[in-house]
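Visitor: I would enjoy a close look at one part of this model, namely its charged pairs. Could you take me through them?
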Amino acid sequence: MGRLEGKVAIVTGAARGVGAAVAQRFAAEGAKVVLADVLEEEGKETAREIGGDARFAHLDVTDEDQWRGLVDETAARWGRIDVLVNNAAVLAFKALIDFEKAEFERVIDVNLVGVFLGIKSVAPHMIARGAGSIVNIASVDGMKSANSLSAYSASKWGVRGLMRAAALELGPKGVRVNSVHPGTIDTKMMNPTGKPREALRANTGHVPLQRPGAPEEVASVCVFFASDEASYVSGSETTVDGGAIAGVYHRFLPGAPES
């Protein structure tokens with residue numbers, strides 16, 4: 001029996017990258033999975049590849065009506081919603097003073113307001129059953145930041161605060177809320193030109209594990225949070241970053257491996 005046997009999960013941003021890896025792993029662990037995304041063709045193809053009870057649903061996470069429709073349809077189809085993974089996000093690189101207001105707001109709307117709407121829409125179904133797990137995919141840039149990432153970092157810091165507030169409010173009703181904070185993960189968002197993973201090592205010298213992560217490594221942590229193994233875990237933040245958030249790694253200092 002899989003670790004998520006019999007559970008029903010909604011995963012946003014599931015057409016590709018981390019979301020697709022989470023959906024694939026959830027299905028392999030026995031869950032019925034709704035892959036929600038605005039990328040129709042990629043999302044449908046990913047659902048076909050997963051097979052079984054995986055299905056694609058169009059969802060703009062910034063649209064409350066679409067959220068309401070998706071949640072109602074999922075509950076009607078399978079009678080329950082056990083897990084929500086808020087993964088959909090956009091990334092924008094630009095100096096803070098060069099951002100147009102609409103550009104900045106777009107990042108906040110997708111990355112933060114989208115998470116809020118997901119929690120708001122799904123929580124009543126979980127509360128009615130007295131159980132549920134919500135996993136928010138944040139980022140290590142919600143724990144630190146970098147130049148050119150003002151909008152993205154602000155949105156991911158916001159996800160941290162929202163997660164904690166939701167954990168406090170929903171915990172007494174049986175619903176757990178946690179966040180996962182990936183670092184440099186080999187996805188189209190971080191590797192738009194599709195460089196071989198080995199080639200990405202040149203940009204991960206600051207990471208103690210000296211390599212980028214794979215989407216499947218983020219998915220493994222999501223499985224834990226979604227499963228009953230994490231039954232007493234809520235309000236928790238877990239990094240999947242190869243140790244990068246621990247501090248600054250200097251190759252030239254004592255203790256660094258010889259190159």
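With which residue does E229 form a salt bridge, and how far apart are the closest N and O atoms?

Guide: Happy to! E229 pairs with R3, with 2.8 Å between the closest N and O atoms; a salt bridge here is a side-chain nitrogen of Lys or Arg within 4 Å of a carboxyl oxygen of Asp or Glu. Helices (H or I, at least four residues) and strands (E, at least two) are DSSP runs numbered from the N terminus.

A word on the basis: this is a predicted model, where local features need pLDDT of at least 70, side-chain atom pairs count only at pLDDT 80 or more, and totals for chains, interfaces and linings use all residues. Residues are numbered from 1 along each chain as its sequence is written, and side-chain values use heavy atoms, leaving out hydrogens and water.

Both partners are partly exposed, E229 at 46% relative accessible area and R3 at 31% (buried is under 20%, exposed over 50%, partly exposed in between; 1.4 Å probe, protein chains only).

The structure holds 18 salt bridges. One of them joins E105 to K101 at 2.7 Å; these two sit 4 residues apart in helix α4, so about one helical turn separates them. K101 is exposed at 62%, while E105 is partly exposed at 35%.

K144 and D141 make another, at 3.0 Å, with D141 buried at 11%. Finally, shared partners link E64, D65, R68 and K120 into one salt-bridge network.
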